[in-house]
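Please look over the sequence and the structure shown here before reading on. The report that comes after them is meant to be read with both in view.

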Amino acid sequence: MKFIYSLITVAIFSLVSCGGGDSGGGPGPDPVPAPLAATLVFPDNNTECNEGEIVSETQSRVTFEWNASQNTDSYEVNLKNLNTGATVKNTSNTNSAAITIERGVPYEWFVISRANGTSETALSTIWKFYNQGPGVENYAPFPAEAVSPERGAAITNSGTLMLEWNGSDVDDDLAEYDIFFGTESDPTDLLGTTSENSIEATIASGQVYYWRVISRDLQNNSSQSEIFEFRVQ
């Protein structure tokens, strides 16, 4: 009897050890490959967009285009009004999207590639353009972009540093920049005016500094950048 009981015990143990069926231990499904970044096509970077269907005196409908990217099921078009900072998002399952936007306004846009079954995404480059406006013969410069220090950066040295930025203009007639700088979150102290893309500033440890750039062209059109900030440790 003891011998029979031992055989039954061994048999049960063998079934449990060998799985006895579908234990879920086999290889899972292949991971979904991450999408790749799309390549922007139209509207082109740093240009005037003079194509599109005029909807009204103040709006037109522009078809945004990009090259399809691999491993991608849908695209999210992000469009930012550079005058107001307002952002709109549109989803497309193809490599284009028709969007109604304001006329005579500078915009920034990029595309995010998404794939079903994965949370990974891919970001395209970021382009800027002016949407053609009624009767506009010369456009204001694009708002300047901070290069150094980057927004939110922490600086370890005190004394002086160079503020650096990028400026661009559809008409290619940028003339000069006014730089406002200080410890107030809305800086109003003029640090200086320059035709270069950098200017020296004096900084001290333990301070948070804010700065912005007013870009001006030869026709006296101007644009104001966002407010950039950095901390000196």
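## The chain as a whole

The model described here is a predicted one, and its chain holds 1 helix and 19 strands. Of the 233 residues in the chain, 36% count as buried, while the accessible surface comes to about 13400 Å², with 47% of that surface belonging to carbon and sulfur atoms.

In soluble globular proteins, nonpolar side chains tend to be buried together. In this model, the largest nonpolar core has 19 residues, and those with the most contacts inside it are Phe64, Trp66, Leu79, Ile101, Trp109, Val111 and Phe129. The elements that each give two or more residues to this core are β1 (39–42), β4 (59–67), β5 (74–81), β7 (96–102), β8 (105–114) and β10 (127–131), and the largest share, 4 residues, comes from β8. Apart from this core lies another one, of 17 residues, which includes Trp165, Tyr177, Phe181 and Ile199.

Phe64 can be followed in more detail: leaving aside residues up to four places away in sequence, Phe64 touches Phe42, Pro43, Leu79, Asn95, Ser96, Ala97, Ile99, Ile101, Trp109 and Phe129.

## A sheet of three strands

An open sheet is formed by 3 strands in the order β11-β13-β16, and their pairing is antiparallel. The edge strands, each of which pairs on one side only, are β11 (145–148) and β16 (198–203), and from one strand to the next the twist averages 40°.

Strand β13, which covers residues 159–166, is joined to β16 by 6 bridges, and these two strands run antiparallel.

## A buried aspartate

Asp178 has its place in strand β14, which covers residues 174–182. Is Asp178 buried or exposed? Asp178 counts as buried because its relative accessible area is 11%, and the cut-off for a buried residue is under 20%.

The side chain of Asp178 is joined to that of Thr193 by a polar contact of 2.6 Å. Thr193 is also among the residues that Asp178 touches, and the others are Leu190, Gly192, Arg212, Val213, Ile214 and Arg216, not counting residues up to four places away in sequence.

Notes:
Residues are numbered from 1 along each chain as its sequence is written. This is a predicted model: local features need pLDDT of at least 70, side-chain atom pairs count only at pLDDT 80 or more; totals for chains, interfaces and linings use all residues. Side-chain values use heavy atoms; hydrogens and water are left out. Two strands pair if DSSP finds at least two bridges between them. Axes are lines fitted to C-alpha atoms, for helices over the stretch in contact, and angles run from 0 to 180 degrees between N-to-C directions. Buried means under 20% relative accessible area, exposed over 50%, partly exposed in between (1.4 Å probe, protein chains only). Accessible areas come from the Shrake-Rupley method with a 1.4 Å probe; for residues, only the protein chains shown count as cover. A nonpolar core is a set of buried Ala, Val, Leu, Ile, Met, Phe, Trp, Tyr and Cys residues joined through side-chain atoms within 4.5 Å. Contact means heavy atoms within 4.5 Å. A polar contact is a pair of N or O atoms within 3.5 Å; within protein, one must be able to donate a hydrogen and the other to accept it, and residues adjacent in sequence count only if both atoms are side-chain atoms.
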